[in-house]
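Please read it beside the sequence and the structure shown below.

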Amino acid sequence: MTAGHLTERLTERLTERLESFVERCTEAGVSATHQRRVIYRVLAESEDHPSPEAVYERVRREIPSISQATVYNNIHKFIELGLLEEVSKLHQTSRLDANLDRHHHLVCVQCKKVVDYYDAALDKAKARNHEPHGFEVRHYHVEVHGLCPDCRKAAD
Ligand SMILES: [Zn+2]
Ligand SMILES: [Zn+2]
């Protein structure tokens, strides 16, 4: 696949996400203001599961006057609206994910990188116990912790 194709696909996916963002906001009676659109786009463009701090830094490049509180409040709102997921708290800071497709995560224990991991076999995995410890299972995702290729190279 050429770089051109890849970019095209990413652009398509981004457009789709932005459209469903506006739809979801309208449904929930939240206005999709310019600020909210920029915050959401930054999230939807980020494949690295950024922390709220990193999202704020990226949004500020486009809207220098925006406050950290505005960015954080909107992140919470997006989570409430189901537009964003919080990857489990890693290394004391939450990491955000606008990719709502079924997927799992590879987490580097050293550089804290979080990479999307698609694996149909994992999607189908089921807990042996139907209600483990009395829990009704709603959904789950697998977090694989290890060393990323860069950190492995550095360790050699
Ligand atoms: Zn790493
Ligand atoms: Zn992800």
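A residue is termed buried if 20 or more other C-beta atoms lie within 10 Å of its own, exposed if 12 or fewer do, and partly exposed in between, with C-beta atoms placed from the backbone. By that criterion, buried residues account for 15% of the 156 residues in the protein. The model is predicted: local features need pLDDT of at least 70 and side-chain atom pairs count only at pLDDT 80 or more, whereas totals for chains, interfaces and linings use all residues. Residues are numbered from 1 along each chain as its sequence is written, and chains are lettered from A and ligands numbered from 1 in the order in which they are written.

**Overall architecture**

- The protein has 6 helices and 5 strands, where helices (H or I, at least four residues) and strands (E, at least two) are DSSP runs numbered from the N terminus.
- From the N terminus on, these elements follow the order α-α-α-α-β-β-β-β-α-β-α.
- Along the principal axes, the C-alpha atoms fill a box of roughly 45 × 45 × 35 Å.
- Two residues are in contact if their C-beta atoms, placed from the backbone, lie within 7 Å. Of the contacts between residues at least 6 apart in sequence, 54% join residues at least 24 apart.

**Nonpolar core**

- A nonpolar core is a set of buried Ala, Val, Leu, Ile, Met, Phe, Trp, Tyr and Cys residues joined through C-beta atoms within 7 Å.
- The largest such core holds 17 residues, of which Tyr40, Leu43, Val55 and Leu84 touch the most other members. Two or more residues each are given to this core by helix H1 (3–28), helix H2 (34–45), helix H3 (52–62) and helix H4 (68–80). H2 supplies the largest share, 5 residues.
- Leaving aside residues up to four places away in sequence, Leu43 touches Val55, Leu84, Leu96 and Ala98.
- In soluble globular proteins, nonpolar side chains tend to be buried together.

- H2 has 12 residues and reaches 16 Å from its first C-alpha to its last, close to the 16 Å expected at 1.5 Å a residue. The expected span is 1.5 Å times one less than the number of residues in the helix.
- The buried residues of H2 are Ile39, Tyr40, Val42, Leu43 and Ala44.
- H2 and H4 pack at an angle of about 75 degrees, and their axes are 10 Å apart. Axes are lines fitted to C-alpha atoms, for helices over the stretch in contact, and angles run from 0 to 180 degrees between N-to-C directions.
- The two helices H2 and H4 are therefore roughly perpendicular to each other, a term that covers angles of 65 to 115 degrees, with under 35 counted as roughly parallel, over 145 as roughly antiparallel and the rest as oblique. Gln35, Arg36, Ile39 and Tyr40 of H2 meet Thr70, Val71, Asn74 and Phe78 of H4 in this contact.
- Asn74 lies in helix H4 and is buried, with 22 other C-beta atoms within 10 Å. Beyond residues up to four places away in sequence, Asn74 touches Arg36 and Ile39.

**The sheet**

- Three strands form an open sheet in the order S4-S3-S5, with mixed pairing; two strands pair if DSSP finds at least two bridges between them. The edge strands, each pairing on one side only, are strand S4 (114–117) and strand S5 (143–146). The twist averages 25 degrees from one strand to the next.
- Strand S3 (residues 104–108) and S5 run parallel and are joined by 4 bridges. His105 stands opposite Glu143 in S5.
- S3 and S4 pair in the antiparallel sense over 4 bridges, and His104 stands opposite Tyr117 in S4.
- A hairpin is formed by S3 and S4 with 5 residues between them, and Lys112 in its turn has a positive phi of about 70 degrees.

**Loop residues**

- Most residues other than glycine have a negative phi, and most peptide bonds are trans.
- His49, in the loop between H2 and H3, has a positive phi of about 50 degrees although it is not a glycine. His49 is buried, with 24 other C-beta atoms within 10 Å.
- His133, in the loop between H5 and S5, also is not a glycine and has a positive phi of about 50 degrees. His133 counts as exposed, with 5 C-beta neighbours inside 10 Å.
- Ala125 is placed in the loop between helix H5 (120–124) and S5, and counts as exposed with 11 C-beta neighbours inside 10 Å. Ala125 and Val142 are 17 residues apart in sequence and 9.9 Å apart in space, C-alpha to C-alpha.
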